[in-house]
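Okay, thanks for coming, everyone.

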Amino acid sequence: MRAGRWLLLVVALIAVSLVAIAVGTISIPISGLWDAVRGAGDPLSATVVRTLRLPRVVAAILVGSGLGVSGAALQGTLRNPLAEPYLLGVSGGAAVGAVVATALGLGVVLLPLAAFAGAIVAVVAAFVVARAAGGRGDPRVLLMAGVVVGAFANAAIMVLLANAEPNVVRNALWWMMGSVGDATWPQIGVLALYIGVAGGALVLFGREIDVLALGADAAAGLGVDVDRATRRVFLVASLVAAATVAAAGLVGFVGLVVPHIVRATGVRRHRPLLIGSALTGATLVVLADLLGRILMPPAELPLGAVTALIGVPFFLAKLRRLT
Amino acid sequence: MIAFRDVVVRYPGAAADAVRGVSFDAATAGLTAVVGPNGSGKSTLVRALIGRVPLASGTIALDDVLVGGLSGDERARRIAVVSQREDLAFPTLVSEYVALGRFPHLGVWHAAGPEDRRAIADATASAGVTGLDERRIDTLSGGEWQRVRLARALAQSAEALVLDEPTAFLDVAHEMAVFELLHRVARSGQAVLLVSHQLNLVARFADHLVLLHRGAVAAAGLPDEVMRAEILEPVYEWPLVVTRDPAVGAPALVPLRGRTSAGRPNGQ
């Protein structure tokens, strides 16, 4: 990718983020943003920015970049344009964890941990299923194992919610629609560390993903232990997705559509693809969160729905170019 | 030199061995061809070499070093392999694809240096794919794609080159071009091991021929020693005659028409 396009991606992310911090029920002029962030100037603006909008935007950036990186890594490694973290049981497992936590009344502090635990259990279950099927590192078997685990998780959610209290059902549904509105700074710190390290590892493996994308025999010929490398990417990418789900619930379509958007701009090698997907995913989620806040005030549209609404046209345009 | 010694391979869950005690050498600065009917174990040997199927017994060694004892990148720095099937999930540019041949040298940590760029440029020139750099893999013709795959393998700068059916789907001119290229690579000092169905081309270019039949070596030696009707007919289970290539006198196989239900040729 040429330098100009990178610049464009970064500028787009910064611009969308600034607008997202400035716009809302209380609008803040761009000129007053820096003062508000520092805590100077108008105290109300400062409070709104520092405790509400800034954490929200930073969380959206982290969630979007995590999902983008995760999706791009999984598509390349599993050699499948439809692969995405949510397809592989991560979202289903996290949702089961979240629903259980909601049903037990565990509260907002433990819910992310429960969701994360559920996602990990689902990923491990997918591995166990794939191993039992005899194709530990076979992309097709891993994909099918993930889909099966996801289907099981959905069934479990329906069973759990069928006889639950109405407010439990409502809370669980809200969580499943995704939101970065409740982000707190400590949560964001953990998420940043997590996505920085695991996402960075995926970018490092980018060159290996280039080789894996050639197919098992060609990758083995180039000296890659295909089974081990596939499992490694699967695991790290799933962990990144699990962390985003724990922080923001289910934000659909980002992991699937973002890598395709970046590929459509002519990026093919996985290192730039992963970095580009992080930037584009971040921009998309910040934009979606902004639109969800301002389209029908005072109501907020669920983040997961808005990302899909933005993502679908991109995906359709891409499909049209394919055929 | 790649030395196969008493190699036995059995696929998991299979009732019989796919390769039953195969021994032969692919000499340095030579072109060795493994031929044989479909299912005779040719590709299995290549898959065993790159560790895609485990050896049940026997050894594969490169210059007295056991290939199984090398790490993946060590092996790929010394043996370049062009496997039979390869389809890219997401098409790349030719230049990006050929550059992947340097992966065993660079891994995920090192940046490409002058040596890598030189290896890529040399490989691109030898394989005759200069000018295709900016093309996307999915826009190449079959002949271009095979040569681009060869360029990637040459970019590995390995001392041995192993190819599984490198001329599948190619027309006569492209087939010849690939064989001429492999011949040059062998003459430049690499050990070239080739799995092929093109008996007549192999007979003209190879220094050493290994005929596999049901997982075992049915015959091995110079093309003249292996390309004999009495050897080939029972292996391919088809009536044939061996004549001479009019230009260089290499043995050439001509399968005959006509076959009764009893499995014997008509009128013979």
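Predicted model: local features only at pLDDT ≥ 70, side-chain atom pairs only at ≥ 80, totals over all residues.

Let's start with chain A, which has 14 helices and zero strands.

What about the overall dimensions? The C-alpha trace of chain A spans about 65 × 55 × 35 Å along its principal axes. A compact globule with 323 residues would have a radius of gyration near 20 Å, and chain A has 20 Å, so the two agree. Of those 323 residues, 54% are buried. And if you take the contacts in chain A with a separation of 6 or more, 74% of them are between residues 24 or more positions apart.

Now zoom in on helix 6 of chain A, residues 139-162. That one has 24 residues and reaches 34 Å from its first C-alpha to its last, close to the 34 Å you'd expect at 1.5 Å a residue. Which of its residues are buried? Pro139(A), Leu142(A), Leu143(A), Ala145(A), Gly146(A), Val149(A), Gly150(A) and Ala153(A) are. As a reminder, an α-helix has 3.6 residues a turn, so residues three or four places apart point the same way. Look down the helix with that in mind.

One loop residue while we're in this chain: Gly24(A) sits in the loop between helix 1 (3-22) and helix 2 (30-38) of chain A.

Over to chain B, and to strand 8, residues 191-195. Why call it largely enclosed by the rest of the structure? Because five of its five residues are buried. Side chains in a regular strand alternate between the two faces of the sheet. Here, Ala191(B), Leu193(B) and Val195(B) are buried on one side of strand 8 of chain B, and Val192(B) and Leu194(B) are buried on the other, so both faces are covered.

Who are its partners? Strand 3 (residues 30-35) of chain B runs parallel to strand 8 of chain B, joined by five bridges, with Ala33(B) opposite Leu194(B). Strand 7 (residues 160-164) of chain B is also parallel to strand 8 of chain B, again with five bridges, and there Leu161(B) has Val192(B) as its bridge partner. To get from strand 7 to strand 8 of chain B, the chain goes through helix 7 (residues 172-187), in a right-handed β-α-β crossover.

For contrast, here's an antiparallel pair: strand 9 (residues 208-213) and strand 10 (residues 216-221) of chain B, joined by five bridges. Leu212(B) stands opposite Val217(B) in that pair. The hairpin has two residues between the strands, and Arg214(B) takes a positive phi near 50°.

Last stop, where the chains meet: 22 residues of chain B are in contact with 23 residues of chain A. On the chain B side, helix 2 (72-78) and helix 4 (103-106) each supply at least two residues, and helix 2 of chain B gives the largest share, four residues. By class, that side has eleven nonpolar, four polar and seven charged residues.

Key
Residues numbered from 1 in each chain as written. Chains lettered and ligands numbered in written order. Contact = placed C-beta atoms within 7 Å. Nonpolar A, V, L, I, M, F, W, Y, C, P; charged D, E, K, R; others polar. Buried ≥ 20, exposed ≤ 12 C-beta atoms within 10 Å, placed from the backbone. Pairing = 2+ DSSP bridges. Right-handed = clockwise from strand over helix to strand, strands pointing away. Rg over C-alpha atoms; globule rule 2.2 N^0.38 Å. Expected span 1.5 Å × (residues − 1).
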